[in-house]
Amino acid sequence: MSDDPNVRVHILSAALNVGEHALELQVRLGKLPPYTIVRYERGRYRAWRLSTIRAWNPAVADRCAALLRALETIPRDAA
């Protein structure tokens, strides 16, 4: 895992135990930090840097980091 990986919407929603639509609503309402990365290539890609999440809520950032580490152990062919 890189020092400051991207945290995509599905990872943060799992860490917060909320649905993706509820998470997006919280971003729009300003209860979560704005996306750090937004790209539109082959679909929409929205994410935060782990450092952004850590500055907002360190405990949630720890959960996100744990999920990202767990996902690294799964071989890409198995997913």
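# Exercises on a predicted model

Glu-24 and Arg-46 form a salt bridge in which the closest N and O atoms lie 2.8 Å apart. The structure is a predicted model, and the exercises below work through this pair and several other features.

## Exercise 1. Salt bridges

Determine how many salt bridges there are, where the partners Glu-24 and Arg-46 lie in the chain, and whether Glu-24 is buried or exposed.

**Solution.** 

Step 1. The criterion is a side-chain nitrogen of Lys or Arg within 4 Å of a carboxyl oxygen of Asp or Glu. By this rule there are 2 salt bridges.

Step 2. In the pair of Glu-24 and Arg-46, the closest N and O atoms are 2.8 Å apart. This pair links distant parts of the chain, since Glu-24 belongs to helix 2 (residues 20-28) and Arg-46 to strand 3 (residues 44-49), 22 residues apart.

Step 3. A residue is buried if its relative accessible area is under 20%. Glu-24 has a value of 12% and is therefore buried; Arg-46, at 13%, is buried as well.

Step 4. The side chains of Arg-54 and Asp-62 form a salt bridge with an N to O distance of 2.8 Å. Here Arg-54 is partly exposed, with a relative accessible area of 35%, and Asp-62 is partly exposed at 43%.

Step 5. As background, side chains of opposite charge can pair when their charged atoms come close.

## Exercise 2. Two helices in contact

Describe how helix 1 and helix 2 cross, and state which residues make the contact.

**Solution.** 

Step 1. Two packed helices are described by the angle between their axes and the distance between the axes. For helix 1 (residues 9-16) and helix 2, the axes come within 9 Å and cross at roughly 95°.

Step 2. Angles of 65 to 115 degrees count as roughly perpendicular, so helix 1 is roughly perpendicular to helix 2.

Step 3. Helix 1 contributes Val-9, His-10, Leu-12, Ser-13 and Leu-16 to the contact, while helix 2 contributes Glu-20, Leu-23 and Glu-24.

Step 4. By residue class, this contact of helix 1 with helix 2 comprises 4 nonpolar, 2 polar and 2 charged residues.

## Exercise 3. The aromatic pair

Classify the ring geometry of Tyr-35 and Trp-48, and determine where the two residues lie in the chain.

**Solution.** 

Step 1. The structure holds 1 aromatic pair. The ring centres of Tyr-35 and Trp-48 are 4.8 Å apart and their planes stand at 40°, so the pair is tilted.

Step 2. The pair links distant parts of the chain: Tyr-35 lies in the loop between helix 2 and strand 2 (37-40), and Trp-48 lies in strand 3, 13 residues apart.

Step 3. Tyr-35 counts as partly exposed at 22% relative accessibility, whereas Trp-48 counts as buried at 0%.

Terms used: Residues are numbered from 1 along each chain as its sequence is written. This is a predicted model: local features need pLDDT of at least 70, side-chain atom pairs count only at pLDDT 80 or more; totals for chains, interfaces and linings use all residues. Side-chain values use heavy atoms; hydrogens and water are left out. Helices (H or I, at least four residues) and strands (E, at least two) are DSSP runs, numbered from the N terminus. Buried means under 20% relative accessible area, exposed over 50%, partly exposed in between (1.4 Å probe, protein chains only). Axes are lines fitted to C-alpha atoms, for helices over the stretch in contact, and angles run from 0 to 180 degrees between N-to-C directions. Angles under 35 degrees count as roughly parallel, over 145 as roughly antiparallel, 65 to 115 as roughly perpendicular and the rest as oblique. Contact means heavy atoms within 4.5 Å. Ala, Val, Leu, Ile, Met, Phe, Trp, Tyr, Cys and Pro count as nonpolar, Asp, Glu, Lys and Arg as charged, and the others, Gly among them, as polar. Rings of Phe, Tyr and Trp (its six-membered ring) pair if their centres lie within 6.5 Å; planes under 30 degrees apart count as stacked, over 60 as edge-to-face and the rest as tilted.
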